[in-house]
Amino acid sequence: MERLGEVTKVDGKWLEITFCRPSDCDKCHACMGGPQTATLRLEGKANVGDSVLVELPASTVNIASLMAYGLPLAGMLGGMLLGDKFIPLEGSLGSLIGAVVGLAIPLVYLLVTEKNRRQNPKWTPQIKRIIPMHKAE
């Protein structure tokens, strides 16, 4: 997945890159029309106003989506089923307790392992190309 952004701040070796929300997002409304921009801080050499092509492999995006959505959902559903079977409480209380515990386990796992993912270059967007801003002469 590639996105084109603009360098909005340079702080030593760090670049602050701002991305506008893609036009496809205007059709979805899932975020209720939230922020129009997103900012990312990456290491590189560029000037304010330069355009930057940033890449994150599609496979990494897919795995991250599965981890963020699939693991908690699977944990919640599995916990709900196990809670119903092994927690003999009145009504659906066993299922509810199981669902909460089943949801909490993958969320805690993701929280604990987040630092390792942040330090792994596979999980970090990379600057693919810098397009210098054209200056009027």
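Student: Asp50, then: buried or exposed?

Tutor: Asp50 is buried, with a relative accessible area of 6%. Buried means under 20% relative accessible area, exposed over 50%, and partly exposed in between (1.4 Å probe, protein chains only). This is a predicted model: local features need pLDDT of at least 70, side-chain atom pairs count only at pLDDT 80 or more, and totals for chains, interfaces and linings use all residues. Residues are numbered from 1 along each chain as its sequence is written, and side-chain values use heavy atoms, leaving out hydrogens and water.

Student: Where is Asp50 found?

Tutor: In the loop between strand E3 (37-43) and strand E4 (51-55). Helices (H or I, at least four residues) and strands (E, at least two) are DSSP runs, numbered from the N terminus.

Student: What does the side chain of Asp50 reach?

Tutor: The backbone nitrogen of Met133, at 2.8 Å.

Student: And which residues does Asp50 touch?

Tutor: Gly5, Glu6, Val7, Ile130, Ile131, Pro132 and Met133, not counting residues up to four places away in sequence. Contact means heavy atoms within 4.5 Å.

Student: OK, the sheet. What is the strand order?

Tutor: E3-E2-E1-E4-E5, an open sheet of five strands with antiparallel pairing. Two strands pair if DSSP finds at least two bridges between them. E3 and strand E5 (126-131) are the edge strands, each pairing on one side only.

Student: How many bridges join E1 to E4?

Tutor: Five, between strand E1 (residues 2-11) and E4, which run antiparallel. Gly5 has Val52 in E4 as its bridge partner.

Student: Now the largest nonpolar core. Which residues make it up?

Tutor: Eight in all: Val7, Leu15, Ile17, Phe19, Leu42, Ala46, Val52 and Val54. Such a core is a set of buried Ala, Val, Leu, Ile, Met, Phe, Trp, Tyr and Cys residues joined through side-chain atoms within 4.5 Å.

Student: Which strand gives the most to this core?

Tutor: E2, with three residues. Strand E2 (14-20) and E4 each supply at least two.

Student: What is Ala46 in contact with?

Tutor: Val7, Val10, Leu15 and Ile130, leaving aside neighbours within four places in sequence.

Student: Switching to Thr60. Where does Thr60 lie?

Tutor: Thr60 lies in helix H2 (residues 58-86). Thr60 is buried, with a relative accessible area of 3%. Beyond residues up to four places away in sequence, Thr60 touches Lys122 and Trp123.

Technical notes: A polar contact is a pair of N or O atoms within 3.5 Å; within protein, one must be able to donate a hydrogen and the other to accept it, and residues adjacent in sequence count only if both atoms are side-chain atoms.
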